[in-house]
Structures are given as C-alpha cells and as structure tokens.
Amino acid sequence: MLTFNDNKAGMSGLDKEKITKVIEENTSASYSEFSKKQQSRIEEKVLEIKNRMTTATKEERQGAEHLMKNLEIKLESQRDLSRDCVCIDMDAYFAAVEMRDDPKLRTVPMAVGSAAMLSTSNYLARRFGVRAGMPGFISKKLCPNLTLVPGNYTKYSKISRQFSEIFAEYDGDVGMMSLDEAYIDLTDYVAARTEKRILKRHRYGGDCPCWLPRVPDSESSESLDSEESECPKCSKTRKIYYDDVEFGIGREEIVREIRFRVEQKTGLTCSAGIAANFMLAKICSDFNKPNGQYVLDNDREKILEFLRDLPIRKVGGIGRVSEAHLQSMDIRTVGDMLQKTSLFPLCFSPLTQESFLRTALGLPGRPSSSDPRRKSISVERTFQPTADFKILLLEHSEICRMLEEDIRKSGVTGGKTITLKLKLSSFDVLTRSLTPSEVVTTLEDIQKFSLELLEKERGKEIRLLGVRLSQLVFEEEKKSKTIQDFWNDAKLKIPNSAEDVTSSPDDVIEMETRKCPICGDDVETGRLLEILNRHVDECILKMSQEDVETPDLICISVEKTEKKISKNLNFSKNSNLAPTKKRKIQERNRMGTTKKVATIDSFWKKKN
C-alpha cells in the first residue's frame with residue numbers, strides 16, 4: 001500500500017503510520033488492487049535500478065562519471081544569478097475563500113469538495129491528516145468533525161482574476177500556473193524602482209465578523225482613524241480602521257507590497273518564495289506558510305547549502321515514483337543527489353539524467369533557451385463512479401466550459417491537440433488524443449473533438465474526467481500569410497474612389513498603368529504586379545468560357561518544360577526510381593501533361 005504523503009504545508013510532525021492505517025482500513029477493494037499493481041511496478045523498477053548498479057563495470061562507471069562531469073560544467077556555465085524570480089501561492093485558496101465568506105468556518109476544520117474527493121483543506125483540518133486529493137469519506141474518518149463545503153469554481157476564478165491583475169502590474173508576462181499560483185519575474189521592476197512607496201491600509205473590527213482583514217487582538221486600534229457603519233451582511237456594527245504602510249525598494253519589500261495589496265483587495269493571504277529562478281522560488285514559497293515569504297540569496301554556495309538537507313519530495317516534479325527510484329540509490333535529500341550524480345547514466349534516460357542534475361545544482365528544470373511558456377491547459381473533475389452517459393455528458397460540458405474560460409485568460413488563442421483523460425472505477429487512467437486539421441480555438445471545437453473521444457469509451461465506469469489542450473498557439477504569434485491574404489492586403493491599399501484619395505492621400509500608392517497582354521487594355525496597377533496578374537487571370541478565364549483556345553499554363557518557358565518532360569519520359573533508364581513514382585509519371589503522361597506549354601509572348605503572337 002502506498003504510504004501517506006505529509007509534504008503539504010501545515011502537515012509536518014503528523015503520525016504517518018496512524019493516518020496510513022486509517023486510509024488502508026477505509027480504502028475500497030478496487031483502489032487497493034490498483035495500489036498494489038502500482039506498487040508492484042515501482043518495485044520492479046527499483047530492482048532493475050539496484051541490479052544495474054551492481055552489474056555496472058568499472059569502465060561504465062568511469063564513463064558515466066565523465067559524462068555527468070561534462071554535463072555539470074555545461075549547466076554551470078548557464079547559471080544565471082541576475083534574476084529576481086518570485087513564486088506566489090495563495091494559502092489554502094478554495095478553503096480560504098469559503099472561510100472569508102462564512103465566518104463560522106474560520107474556527108473549525110473544513111475542506112472544499114465532496115465525499116468523492118477533496119480539492120483543498122484548511123490548516124486546522126491538515127492537523128488531522130486531511131489534505132487535497134483525499135476522498136471525503138476517508139477524511140471524515142480522520143477528522144469526524146470535518147465540515148465539507150461544495151466547490152464554487154466560478155467564484156474562485158473571479159477572485160483569481162482580481163489578484164492576477166495586481167501581479168501583472170509588476171510583470172506583464174506573469175505566469176498563472178493555476179487559479180492560486182503565479183510566477184513573477186521582478187527583475188526589471190526592481191531595477192526601475194528607486195523610491196519608497198506608502199499605501200493606505202484598511203482593516204476591520206467591531207461586532208461584525210464578516211470582513212477581512214481584521215485588526216489583530218494584540219494590536220491597539222485606539223490611535224487609528226476609524227469609521228463605523230452597519231454591516232450589510234449581518235446588520236451588526238462594523239468598524240473600519242485606516243493607517244499607512246511603507247514599502248521599500250528591494251525585492252523583498254516589493255514582494256511584501258504585492259502580498260499586502262492582494263490581502264487588501266481580496267481579504268485573502270498568500271505566501272511567496274524569492275530566488276534566482278522559478279524552480280527555487282517554488283520550493284521557497286512553501287517555507288513560510290501561511291502568510292509569509294522566504295528569500296534565498298542569489299549566491300551559488302548559499303543555494304547548494306539550502307538544498308543540501310532538503311528532502312527530495314519537496315522538489316516540484318519529484319513524486320512518489322521518482323522518490324522510490326531515488327531512494328533505491330540511497331538518495332533522500334537533494335544533497336545526496338549531487339553526491340551521486342555519476343549513478344544517473346547507469347539507471348535513467350538522458351532526459352531524466354539532466355533533470356535530476358539540474359535539481360541537484362539548483363538550476364531551472366528546462367534550458368533557458370527553451371520556450372518558458374506553458375505547454376498545455378487542462379481541467380479535470382472527480383465524481384462518484386458512473387457509466388451513465390447522460391451524467392458524463394453534463395460533467396464533460398462543464399469541464400469544456402471551464403477549459404475555454406482558462407484559455408481566454410491565458411493569452412492563448414487555441415491548441416493543435418485535444419486530449420481526453422479518464423480515470424476508471426478501477427483507478428486505471430486512460431488518455432486519448434486527437435490532432436484535428438485546424439487549430440482548436442472555440443468552445444464548440446473543444447466540445448466536439450473531446451466528445452468524439454468520449455463516445456468511444458461509452459459503457460466504461462468513470463470516476464474522473466479531464467480535457468487538455470496542448471501544442472498551444474499564443475495570441476502574439478503571427479499567422480502565416482496565404483496568397484489570398486497578400487491579395488486582400490493589396491486591395492486594401494487601393495482607393496475605391498476619388499473621395500478615398502482626397503480623404504487620406506498619404507495612404508494611397510502612386511498609380512501606374514500597364515498594358516494587358518491578353519485584351520490590350522490599360523490596367524492601373526500602382527507598383528503592384530499582382531494586380532496585373534489578377535487581371536490576366538480574369539481575361540484568360542473569360543476567354544475559356546467563350547471557347548477561345550487558351551494555353552495550359554502561363555509564364556513557364558518551353559525549354560525548361562521540355563527538359564523536365566524529357567527526363568520523366570526516360571524514367572525507364574533509371575532503375576533507382578521507385579515503382580510508385582514510375583506509375584505517377586505514367587499517369588501524368590496519359591493525362592496529357594506532356595503537352596507543350598506556351599508563354600504569354602507566344603500566345604500573344606498566335607492571337608494576332
């Protein structure tokens with residue numbers, strides 16, 4: 001059975017054995033079977049790793065060590081200590097929103113979700129081992145007094161937009177990795193900030209408990225400016241206290257200012273990590289929760305010292321499977337990883353080798369030259385297992401709507417691949433993908449293509465449904481122009497009337513005339529030969545409709561065509577030509593493509 005993971009903020013020091021026992025006793029037979037299969041696969045890989053380390057020759061070990069040393073030198077040369085990267089993570093976000101809106105939930109253990117699955121839990125519930133991703137009925141066994149609140153994702157999305165607007169003021173390219181997590185590059189803003197900043201602060205008190213943030217009981221409010229009013233929610237007396245807060249010019253002060261503004265606007269707290277890259281900033285954001293921040297200096301030695309005793313499970317991207325693989329090599333901290341990098345080539349793929357080495361060195365997970373933007377956008381929902389297709393259609397419709405909403409606010413116009421994710425009642429996970437001929441951009445496209453995949457799984461009992469859009473196309477990417485696009489652009493530059501010329505003379509191109517070789521008329525072309533070509537095409541089309549003999553092609557020299565055809569007719573002399581290619585050439589010859597092709601000049605002589 002897989003053990004309980006207590007690496008979530010607010011869960012340190014729990015009795016893991018006791019919690020694991022409760023989970024095991026209340027786990028369904030289907031999940032127990034799935035868990036055993038998964039654990040069996042992990043154990044097989046662990047045995048493979050141990051066997052590989054045992055049987056590796058001296059030459060193989062030396063080669064692996066040489067390979068990793070060279071890679072380390074290369075990666076170290078790319079280390080960038082000039083950035084001010086910040087990861088901001090809202091504290092127990094869904095639960096915090098519900099507690100803000102219902103004061104009775106602030107003093108009790110509570111979680112957002114259902115009996116099937118929890119989305120998050122507050123810090124009081126985490127002391128009992130209740131955490132996100134846990135079935136609600138099991139969390140009730142761990143914490144009988146737990147209050148479950150249904151999720152309201154429309155509300156969470158609306159509030160997320162409020163604080164993401166604040167983040168965008170400090171970094172126009174802020175990355176919202178989810179509703180409650182943001183990655184902000186403050187480098188340019190910190191460099192431009194030269195003066196302190198004073199902001200107004202408001203906090204609440206009085207008999208009314210509805211509004212946040214509150215003035216702490218330990219702080220005297222007598223010296224603060226205040227005003228009283230009746231709360232529109234509970235009708236009790238509400239006091240609002242006002243004062244000023246000063247923020248300095250360094251990155252720590254700016255992050256403190258950001259967190260202050262989020263709380264003032266939403267009544268919610270967030271935590272932050274500050275470091276030289278986003279991988280380290282993400283780790284740091286978990287170090288001073290809730291409502292705090294942690295700074296890691298942009299210094300190589302201090303970074304390695306920080307990572308030396310860090311448990312590997314604290315690193316983003318290292319889950320229970322990778323953890324088991326590394327532990328089989330006696331690696332339990334990031335410092336251990338750095339000491340044993342020479343073992344990586346013996347046991348892992350090149351991609352995994354570099355990923356683990358980057359982690360050990362405290363470097364970002366991908367090369368700086370690669371595209372830093374997100375690779376996909378997805379939404380998934382867990383529910384009671386069902387094979388009722390009507391219920392699945394309702395869930396599918398809501399998931400597609402949420403995905404389309406996320407796409408619109410992420411600076412993405414669409415994606416090239418749509419993927420359907422299903423978790424069956426047996427807990428086995430299926431993924432089905434489709435890449436249409438055109439980019440998926442609208443809600444109708446998302447629904448149509450993902451439903452096409454879902455239809456093929458009709459009859460299966462499903463407990464989780466998700467839709468993902470990948471190979472994303474971003475708004476700033478320019479669409480490649482077609483010939484039609486160029487023609488349309490040209491038409492827009494040509495005035496339609498004398499009035500147009502008078503109204504905007506600067507936008508009109510100088511008009512020139514050229515004689516059409518077909519009809520002899522003068523054509524006003526300006527400097528655009530495309531206009532003459534279009535006129536010629538129209539003349540040829542008109543003549544063909546009047547049964548006038550026309551050439552097969554225009555503007556191709558006779559000599560070049562005859563040379564090409566001659567080469568095709570002699571294909572039998574070339575034994576290297578594939579049979580398929582020979583058949584295609586024969587077919588073209590039968591269709592009359594070896595006919596002599598005239599030029600405009602020869603056609604004009606014939607016409608006269």
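Reader: Which residues is Thr-413 in contact with, leaving aside its neighbours within four places in sequence?
Author: In this predicted model, Thr-413 touches Val-440, Thr-441, Val-473, Phe-474 and Glu-475. Contact here stands for heavy atoms within 4.5 Å. Thr-413 itself belongs to strand β13, residues 412-424.

Reader: Why is Thr-413 called partly exposed?
Author: Its relative accessible area is 34%. Buried requires under 20% and exposed requires over 50%, so Thr-413, at 34%, is partly exposed.

Reader: What is the phi of Gln-471?
Author: Phi is about 50 degrees, a positive value, and Gln-471 is not a glycine. Most residues other than glycine have a negative phi. Ala-92 also has a positive phi, near 45 degrees. That alanine sits in the loop between β1 (85-90) and α4 (93-101).

Reader: Is Ala-92 buried or exposed, and what value decides it?
Author: Its relative accessibility is 7%. The limit for buried is under 20%, so Ala-92 counts as buried.

Reader: Why does Met-134 count as buried?
Author: Because its relative accessibility is 6%, and buried means under 20%. Met-134 lies in the loop between α5 (123-126) and α6 (136-142). From Met-134 to Ser-114, 20 residues away in sequence, the C-alpha distance is 9.9 Å.

Reader: Which residues make the contact of α3 with α15?
Author: From α3 come Leu-67, Met-68, Leu-71, Glu-72, Leu-75 and Glu-76, and from α15 come Gln-353, Glu-354, Leu-357, Arg-358 and Leu-361. Six of these residues are nonpolar, one is polar and four are charged.

Reader: How does the reach of α2 stand against the expected value?
Author: Helix α2 (residues 29-55) has 27 residues and spans 39 Å between its first and last C-alpha atoms. At 1.5 Å a residue, 39 Å is expected, and the helix is close to that.

Reader: Which residues in α2 are buried, and what do they pack against?
Author: The buried residues include Ser-32, Phe-34, Gln-38, Ile-42 and Met-53. The buried residues of α2 pack against α3, α12 (320-327) and α14 (344-347).

Reader: Which peptide bond is cis, with omega near 0 degrees?
Author: The bond from Leu-212 to Pro-213. Pro-213 is in the loop between β7 (197-206) and β8 (225-230). The bond from Lys-289 to Pro-290 is also cis, with omega near -10 degrees. Most peptide bonds are trans.

Reader: How many helices and strands are there in the chain?
Author: The chain has 23 helices and 17 strands. Of its 608 residues, 40% are buried.

Note on methods: Residues numbered from 1 in each chain as written. Predicted model: local features only at pLDDT ≥ 70, side-chain atom pairs only at ≥ 80, totals over all residues. Heavy atoms only, no water. Helix = DSSP H or I, 4+ residues; strand = E, 2+ residues; numbered from the N terminus. Nonpolar A, V, L, I, M, F, W, Y, C, P; charged D, E, K, R; others polar. Expected span 1.5 Å × (residues − 1). Buried < 20%, exposed > 50% of the residue type's maximum accessible area, 1.4 Å probe, protein only.
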